[in-house]
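Hi everyone, thanks for coming. Let's take a few minutes to look at some surface features together.

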Amino acid sequence: MGILIAAGDSSAIVSYEWKSFPYGMSKNLYESLDGLIDLESPLWSGMADIVDSFAYGGKRYCYPYRIATNYALNYNREALREYSLPGLYDLYMEGSWTWDRFK
């Protein structure tokens, strides 16, 4: 594949991985999706900024349709109660949770 990339004639099919951005775009491994997807459609509501973050050279290559959190914050609720500290979830629901307050 390296020879094809060097010649500016990369493969027709490649797998996509998050690490591919922007390297794969810079090597011409991916086609721009500009003009194929209507960001004004309700399907893409609220995603324009995310899609734009995958632009390379003024063209869009990836259209994520949702964002999912892949991490969690674990804590000992009983220990907080034992020390008369507010629960983190309660702070979150009140709109007063911050990292400083967590510390």
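How many salt bridges does the count come to? By the rule used here, a side-chain nitrogen of Lys or Arg within 4 Å of a carboxyl oxygen of Asp or Glu, the count comes to 2 salt bridges. Before we visit them, a word on the ground rules. This is a predicted model, where local features need pLDDT of at least 70 and side-chain atom pairs count only at pLDDT 80 or more, while totals for chains, interfaces and linings use all residues. Residues are numbered from 1 along each chain as its sequence is written, and side-chain values use heavy atoms, with hydrogens and water left out.

Asp52 has a relative accessible area of 35%, so it is partly exposed (buried is under 20%, exposed over 50%, partly exposed in between, with a 1.4 Å probe and protein chains only). Arg60 is partly exposed too, at 26%.

The other bridge pairs Glu78 with Arg81, with 2.9 Å between the closest N and O atoms. Both sit in helix H4, residues 77-82, and are 3 residues apart, about one turn of the helix. Helices here are DSSP runs of H or I, at least four residues, numbered from the N terminus.

Now find Ser84, in the loop between H4 and helix H5 (88-94). Its phi is near 55°, a positive value in a residue other than glycine. Ser84 is exposed, at 67% relative accessible area.

Last stop: Trp99, which is in helix H6 and counts as exposed at 53% relative accessibility. Thanks, all!

Key. Helix = DSSP H or I, 4+ residues; strand = E, 2+ residues; numbered from the N terminus.
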